[in-house]
Amino acid sequence: MITTATRWPSPAKLNLFLYINGQHDNGYHELQTLFQFIDLCDHLTITPNDSGEITLSPPIPGVETKDNLIWKAATQLQEHTQCSLGAHIELEKILPIGGGIGGGSSNAATTLVALNFLWGLNLTNKELADLGVTLGADVPIFVHGFSAFAEGIGEKLQPATPKELWYILIKPEVSIATVDVFTHPELIRNTPKQPLNVLLSASYENDCEKIVRRVYPEVDYQLSWLLEYAPSRLTGTGACVFAEFINEKEAQHVFSLIPDNATGFITRGRNTSPLNQALEEYKSLCNI
């Protein structure tokens with residue numbers, strides 16, 4: 001067990017495109033989507049100990065500790081491996097909640113990957129992903145740590161290497177529950193499936209965008225503004241919207257013009273997760 005405090009990135013993701021191809025009887029949707037990480041991250045500082053307890057700080061308003069995905073991931077890993085060790089985890093929260101950029105799932109994945117290393121458990125990424133999927137459908141993406149084309153209900157992953165563009169990401173002043181979008185009666189659910197090479201060469205779209213813009217005027221306003229300057233769309237089920245740029249200079253210029261009431265970030269696409277990079281650096285330091 002490593003007993004010193006270590007700091008781990010918990011990156012966001014974008015859905016560069018999202019198409020809904022159908023719906024199963026159990027309510028799950030068939031989809032095709034392209035995930036890419038961005039270098040905008042929460043961070044977890046983790047200090048292992050031998051107490052057997054998982055403690056978190058600071059508290060998140062309105063979220064009980066036992067409902068926190070970080071705590072759930074850590075305790076699930078303990079139970080699965082019968083590990084008697086504990087840890088204190090401090091969260092530096094930057095990623096907006098309810099933004100469709102995977103913040104909670106990423107926090108869970110970082111917890112699994114980091115504690116697997118710090119506790120010396122030696123589970124494979126597949127084993128960690130199988131644990132993580134019970135916490136959220138996006139957790140395996142963050143565990144595996146590579147940009148990916150996903151099909152099925154999101155569980156069929158194929159590595160992909162989209163261009164690592166610069167993005168302006170804006171979070172409208174609204175949080176959107178994924179379930180509200182996926183249960184909307186007017187959601188598009190019959191987009192024909194296409195091979196990956198066809199999807200990559202076409203203009204990227206998001207089948208959730210039309211409904212979200214209609215129901216949430218804040219999203220419609222911010223997306224309409226971005227579209228004046230660059231190709232822009234919704235990520236996931238929202239609420240975050242993003243615009244893409246070839247270089248940082250162009251992104252910086254448009255970012256300087258955003259409305260005062262907008263919460264925004266400049267970030268860059270990453271096909272390898274910052275979490276993977278941190279893990280390799282810690283392994284190197286420990287000569288593993």
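Does asparagine 122 count as buried or exposed? Select asparagine 122: at 66% relative accessibility, it counts as exposed. Here buried means under 20% relative accessible area, exposed means over 50%, and partly exposed lies in between, with a 1.4 Å probe and protein chains only.

Before moving on, note that this is a predicted model, in which local features need pLDDT of at least 70 and side-chain atom pairs count only at pLDDT 80 or more, while totals for chains, interfaces and linings use all residues. Residues are numbered from 1 along each chain as its sequence is written, and side-chain values use heavy atoms, leaving out hydrogens and water.

Stay on asparagine 122, which sits in the loop between helix H2 (103–118) and helix H3 (125–132). Helices (H or I, at least four residues) and strands (E, at least two) are DSSP runs, numbered from the N terminus. Although asparagine 122 is not a glycine, its phi is positive, about 65°.

Next, select glutamine 82, in the loop between H1 and strand E4 (86–92). This residue, also not a glycine, has a positive phi near 55°. Glutamine 82 is exposed, with a relative accessible area of 72%.

Now look at two peptide bonds. Select serine 57 and proline 58: the bond joining them is cis, with omega about -15°. Proline 58 belongs to the loop between strand E3 (54–57) and helix H1 (69–81). Then select glycine 238 and alanine 239, where the peptide bond is again cis and omega is near 20°. Alanine 239 lies in the loop between strand E8 (232–234) and strand E9 (241–245). For background, most residues other than glycine have a negative phi, and most peptide bonds are trans.

Select lysine 171, in strand E7 (residues 166–171).

Is lysine 171 buried or exposed? Lysine 171 is buried, with a relative accessible area of 9%. Its side chain reaches the backbone oxygen of valine 174 at 2.5 Å. Lysine 171 has no salt bridge, meaning a side-chain nitrogen of Lys or Arg within 4 Å of a carboxyl oxygen of Asp or Glu. The nearest side chain of opposite charge, glutamate 173, is 6.1 Å away.

Notes: Polar contact = N/O pair within 3.5 Å; in protein donor to acceptor, adjacent residues only side chain to side chain. Lys, Arg positive; Asp, Glu negative; His and termini not counted.
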